Amino acid sequence: MPTYDSEVFNPPAPLVRVNLRALHNGDIVTNVPMLIDSGADVTLIPRAFVSELRLEPDRRESYELESFDGQKARRIPFNWTCYLSHSF
C-alpha cells in the first residue's frame, strides 16, 4: 500500500518512490517521487530526472495542461520508453 504524503500535498495524496530506467540507453535514476493518479492522461516526471536519463524532447507537438485550480502550462513531450519499478 502506498504512503500518503502530507508534507507536500494538502490534502495528503498517495506518493510512491520508484526507479526509472530509460530503455534507449539503460540510464537509471532511483528514488523518484511519483504521485499516484489512476485517472491521469499523461505521466509527468521532474525535469532533473529527464536530464539524468538523457531524454530528448519531441518538438513536433506540445500539450497544454490545466490543474484543478485553473493554472495552465504548455509542455513539450519527450519521446521515450521507460521501465518503472516499485514494490509495495
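Predicted model: local features only at pLDDT ≥ 70, side-chain atom pairs only at ≥ 80, totals over all residues.

Me: Is Asp27 buried or exposed?
Reply: The cut-off for buried is under 20% relative accessible area. Asp27 has a relative accessibility of 18%, so Asp27 counts as buried.

Me: Which residues does Asp27 touch, not counting those up to four places away in sequence?
Reply: Contact here means heavy atoms within 4.5 Å. With residues up to four places away in sequence not counted, Asp27 touches Leu20, Arg21, Ala22, Glu52, Leu53 and Arg54.

Me: Which residue meets Asp27 in a salt bridge, and why does the pair tie together parts that are apart in sequence?
Reply: Asp27 lies in the loop between S2 and S3 and Arg54 in the loop between H1 and strand S4, so the pair ties together parts 27 residues apart in sequence. Arg54 is exposed, at 51% relative accessible area, whereas Asp27 is buried. The side chains meet at 2.6 Å, N to O, and the partner of Asp27 is Arg54.

Me: How many salt bridges does the structure hold?
Reply: One of them joins Asp27 and Arg54. Another is formed by the side chains of Glu64 and Arg74, at 3.8 Å, N to O. Glu64 is in strand S4 and Arg74 in strand S5, 10 residues apart. The number of salt bridges is two.

Me: Is Glu64 exposed or partly exposed?
Reply: Exposed requires over 50% relative accessible area, and buried under 20%. Glu64 has 48% relative accessibility, so Glu64 counts as partly exposed.

Me: Which element gives the largest share of the largest nonpolar core?
Reply: This core has 12 residues, including Val16, Val18, Leu20, Val29, Phe49 and Leu53. The elements that give two or more residues are S2, S3 and helix H1. The largest share is four residues, and it comes from S2.

Me: Which residues is Val29 in contact with, leaving aside neighbours within four places in sequence?
Reply: Val29 is one of the residues of the largest nonpolar core. Leaving those neighbours aside, Val29 is in contact with Val18, Asn19, Leu20, Phe49, Glu52 and Leu53.

Note on methods. Residues numbered from 1 in each chain as written. Heavy atoms only, no water. Core = buried A, V, L, I, M, F, W, Y, C linked by side-chain atoms within 4.5 Å. Buried < 20%, exposed > 50% of the residue type's maximum accessible area, 1.4 Å probe, protein only. Salt bridge = Lys/Arg side-chain N within 4 Å of Asp/Glu carboxyl O.
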